[in-house]
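Dear colleague,

Here is the structure we spoke of handing over.

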Amino acid sequence: MEQVIIIGGGPCGLSAAVECKRAGLDPLIIEKGSLVHSIYLYPTYLVFHSTPELLEIGGIPFTTPNEKPTRLEALTYYRMVAEREQLRVHTYETVVQVEGTKGAFSVHTENRFGEKQTYTAKHIVIATGYFDRPNYMDVPGENLPKVSHFYQEAHPYSGMKVAIIGGKNSAVDAALDLVRVGAEVTVIYRKSELSPSVKPWMRPLFESAAAKGRIRVLWNSQVKEITERSVIVDHEGIVETLDNDFVLALTGFRPDRSFLGKLGVHLDEENGAPEHHPETMETNVPGLYIAGVIAAGGEANAIFIENGRWHGKAIADHIRQQSE
Ligand SMILES: Cc1cc2nc3c(=O)[nH]c(=O)nc-3n(C[C@H](O)[C@H](O)[C@H](O)COP(=O)(O)OP(=O)(O)OC[C@H]3O[C@@H](n4cnc5c(N)ncnc54)[C@H](O)[C@@H]3O)c2cc1C
């Protein structure tokens, strides 16, 4: 029987593991992809908007000669933390079901070879993040191979007609990257201006590119349909057909809370936030904790590494107190 199983090896799951280990609990992390898989899926050349000390976990220094770390530096840092702290991590193993109650949870998994396994644990920490579940537009053609909900790098789009859907940081960053490689970029956003969350130093660059006509922006617009060669848009009530080669639907993500609901965690009817004690991160199901983005309500971006990394300490302290 494991003391603690942590589901998800993102920064917040890793932080919980470091803290639980220091509390003498020797946790097991089960991660369906690679370590910090969400960061691995970020745009290849991403530079974080957080400074490195705000991404640190377990008090282990994260240094970089630059003002802000790159994706590659973050991958290296979190890998180093897992090694240094000798965390037990089972990668490429997916948790498919959790059942039971405090002191006797069962965690059912399947690895990449289709082999199934069941673990038992006294406590469970769910730290499954949100990066797996893009906000789908639910329009015809969204599943065509030319459509992606993830942006990696600009090179493949050179000389292509690309529609970017969204108006937050991911859309702004991708649009500026793509213009640099000579793509013909149209940004389609349902609102009348960029999201207030757009990084203040990126906003003027985007606005300048739009003003100079280097990026076409369709505000107050909704995609109606995507075909092999076009995107059909409702632009302020007028339906327009745009010639198109690729679509980047950068519409954000939402957490999958199916484990939580099935285990009896109360989910807020309006925003889906799981009921939990903010000081211990224990849900209304005793022995079941949440860490990181999964704890957020409707606005998933309210929790990020900077603040979600503290959940682990709260959880470890609470489990230790309960065991005393
Ligand atoms: C482009 C981009 C830039 C960002 N920049 C910043 C920044 O500068 N500063 C900042 O603080 N935040 C930033 N964020 C947000 C940050 O990435 C997230 O807040 C952070 O990843 C959340 O950590 P987490 O551990 O809660 O979840 P995640 O990092 O999403 O980790 C969850 C893990 O759980 C695994 N998992 C899911 N389901 C299962 C399952 N059933 N079984 C096993 N494993 C499972 C996933 O594979 C994943 O590895 C950025 C996000 C994006 C997309």
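Two strands are taken to pair if DSSP finds at least two bridges between them. Strands (E, at least two residues) and helices (H or I, at least four) are DSSP runs, numbered from the N terminus.

Some ground rules. This is a predicted model, in which local features need pLDDT of at least 70 and side-chain atom pairs count only at pLDDT 80 or more, while totals for chains, interfaces and linings use all residues. Residues are numbered from 1 along each chain as its sequence is written, and side-chain values use heavy atoms, with hydrogens and water left out.

Strand E4 (residues 93-101) runs antiparallel to strand E5 (residues 104-111), and the two are joined by eight bridges. Within this pair, glutamine 97 is opposite histidine 108 of E5, and glycine 100 has phenylalanine 105 of E5 as its bridge partner. Two residues separate the strands in this hairpin, where glycine 103 adopts a positive phi near 90°.

E5 also pairs with strand E6 (residues 116-126), again in the antiparallel sense, over six bridges. Here threonine 109 faces glutamine 117 in E6. The E5-E6 hairpin has four residues between its strands, and glycine 114 in the turn shows a positive phi of about 85°. As background for reading these strands, side chains in a regular strand alternate between the two faces of the sheet.

The parallel sheet

Five strands make up an open sheet in the order E7-E14-E8-E9-E10, with parallel pairing. Its edges are strand E7 (147-148) and strand E10 (215-218), each of which pairs on one side only. E7 is held against strand E14 (residues 246-249) by two bridges in the parallel sense; valine 147 has valine 247 in E14 as its bridge partner.

Two domains

The protein splits into domain 1 (2-132 + 253-323) and domain 2 (147-249), with bounds that come from an automatic or database domain assignment. Their C-alpha centres are 32 Å apart. Taking contact as heavy atoms within 4.5 Å, eleven residues of domain 1 touch eight residues of domain 2.

About 760 Å² is buried between the domains, and carbon and sulfur atoms give 52% of that; buried area is the accessible area (1.4 Å probe) that two parts lose on being put together, summed over both. On the domain 1 side, the touching residues comprise six nonpolar, three polar and two charged. In that count Ala, Val, Leu, Ile, Met, Phe, Trp, Tyr, Cys and Pro are nonpolar, Asp, Glu, Lys and Arg are charged, and the others, Gly among them, are polar.

Glycine 129 is in the loop between E6 and E7. Its C-alpha is 8.5 Å from that of cysteine 12, although the two are 117 residues apart in sequence. Beyond its neighbours within four places in sequence, glycine 129 contacts Pro255, Asp256, Val293 and Ile294.

Regards
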